[in-house]
Amino acid sequence: MRPFDYERPADAGAAVATVAARADAAFLGGGTNLVDLMKLGVAGPALLVDITALPLDRIEPLPGGGLRIGATVRNADAAADPEVRRRYPMLARALLAGASGQVRNMATVGGNLLQRTRCVYFQDVTLACNKREPGSGCAALHGYNRHHAILGASERCVAVHPSDMAVALAALNAVVQVQGPDGERAVPVADLYTGDEPERDTVLAHGELITAIDLPEPAAGRSAYRKVRDRASYAFALVSVAAALDLADDGSVRDVRVAFGGLAHRPWRARRAEAALRGAPATDESFRTAADAELSAARPLRGNAFKVPMARNTLTAVLRELARPDAR
């Protein structure tokens with residue numbers, strides 16, 4: 001690991017100014033991803049600006065009925081919060097599925113959104129990776145790509161975003177609050193991630209700091225999060241589904257929101273599937289048809305074609321569970 005300087009500013013404005021002033025500076029939250037990348041030589045900031053002492057560790061109600069989760073709230077605390085569990089069970093389940101208890105006790109929700117891909121080619125500095133070294137190529141295209149993207153990828157990068165929490169937040173229409181050198185702004189989670197620049201994961205400029213995540217008032221209906229992985233212990237998703245389903249009195253789908261994880265460079269909001277489901281009967285046939293509408297754009301690689309039927313079956317199973325009369 002390269003030597004680095006360390007600062008602990010007194011407020012968010014000072015943190016933003018410090019990082020913005022140096023191209024080689026980075027914010028430090030729980031460090032569960034950044035420190036690993038520094039050990040591997042993938043990341044090498046010369047200055048770490050610790051934000052964990054800033055007053056961004058609260059979970060508070062919003063005036064409109066939603067909930068604000070501060071950026072330095074630990075994943076474990078967010079998952080255990082009574083209001084999160086009662087009103088946003090999808091999010092609580094995604095947080096619990098995301099990592100072991102030890103990691104959840106350290107990781108912050110802001111850092112969770114910004115964690116970088118676990119692609120083995122990204123993490124090995126001896127191999128070609130456009131995300132780590134633009135223009136070097138993407139070794140995963142013709143290498144080991146079992147865990148890689150089938151939606152929204154390109155010849156430049158087929159890595160997937162690793163966060164479980166971000167998938168639930170995309171389905172919940174959550175909004176990220178950001179403070180930067182030019183002021184504050186709000187970014188929907190669905191718009192936070194880039195797709196055309198492998199080396200740039202998000203739309204955030206250097207020096208911009210996530211200060212909170214805003215959850216809107218929960219929509220009607222029920223929600224769930226399901227993660228499919230290679231082993232029952234804490235592994236990254238092959239496929240995950242966050243879904244919220246609201247049924248009309250006649251059993252048809254009044255509203256639905258779906259996001260996939262493990263399939264793309266970002267949490268994949270399944271807009272085609274949602275459009276196909278609204279007004280349709282809540283049946284397995286409708287659920288599979290909607291999944292196929294979304295997955296028609298899939299471009300699997302040699303090692304991950306299994307993700308297409310896996311995603312279809314997982315979405316169908318989750319929606320079937322949410323539509324059960326005894327579960328409403």
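**Salt bridges and sheets**

Author: The side chains of Arg 8 and Asp 50 meet in a salt bridge, at 3.8 Å from N to O. A salt bridge here is a side-chain nitrogen of Lys or Arg within 4 Å of a carboxyl oxygen of Asp or Glu. This is a predicted model, in which local features need pLDDT of at least 70 and side-chain atom pairs count only at pLDDT 80 or more, while totals for chains, interfaces and linings use all residues. Residues are numbered from 1 along each chain as its sequence is written, and side-chain values use heavy atoms, with hydrogens and water left out.

Reader: Is Asp 50 buried or exposed?

Author: Buried means under 20% relative accessible area, exposed over 50%, and partly exposed in between (1.4 Å probe, protein chains only). Asp 50 has 7% relative accessibility and therefore counts as buried. Arg 8, with a relative accessible area of 51%, is exposed.

Reader: How many salt bridges does the structure hold?

Author: The structure holds 21 salt bridges. One of them joins Glu 208 to Arg 185, with the closest N and O atoms 2.7 Å apart. Glu 208 is in the loop between β7 (183–188) and β8 (209–215), and Arg 185 is in strand β7, 23 residues apart. Glu 208 is buried at 13%, whereas Arg 185 is partly exposed at 33%. Elsewhere, salt bridges link Glu 83, Arg 86, Arg 87 and Glu 217 in a network.

Reader: What is the strand order in the open sheet of 4 strands?

Author: Strands of a sheet pair through backbone hydrogen bonds, either parallel or antiparallel. Two strands count as paired if DSSP finds at least two bridges between them. The order in this sheet is β9-β10-β11-β12, and the pairing is antiparallel. β9 (222–228) and β12 (268–269) stand at the edges with a single partner strand each, so one side of each has no neighbour in the sheet. β10 (residues 239–247) and β11 (residues 253–261) pair over 8 bridges. Leu 245 stands opposite Val 256 in β11. A salt bridge also joins Arg 254 and Asp 246, whose closest N and O atoms are 2.9 Å apart.

Reader: Which strands does helix α12 lie across?

Author: Two definitions come first. Contact means heavy atoms within 4.5 Å. Axes are lines fitted to C-alpha atoms, for helices over the stretch in contact, and angles run from 0 to 180 degrees between N-to-C directions. Helix α12 (residues 307–323) lies across β9, β10 and β11, at about 35° to β10.

Reader: What is the pairing in the open sheet of 3 strands?

Author: The pairing is parallel, in the order β1-β3-β2. The edge strands are β1 and β2 (25–28), each pairing on one side only. The twist averages 25° from one strand to the next. β1 and β3 are joined by 3 bridges, and Asp 5 has Leu 47 in β3 as its bridge partner. Helix α1 lies across β1, β2 and β3, running at about 150° to β2.

Methods: Helix = DSSP H or I, 4+ residues; strand = E, 2+ residues; numbered from the N terminus.
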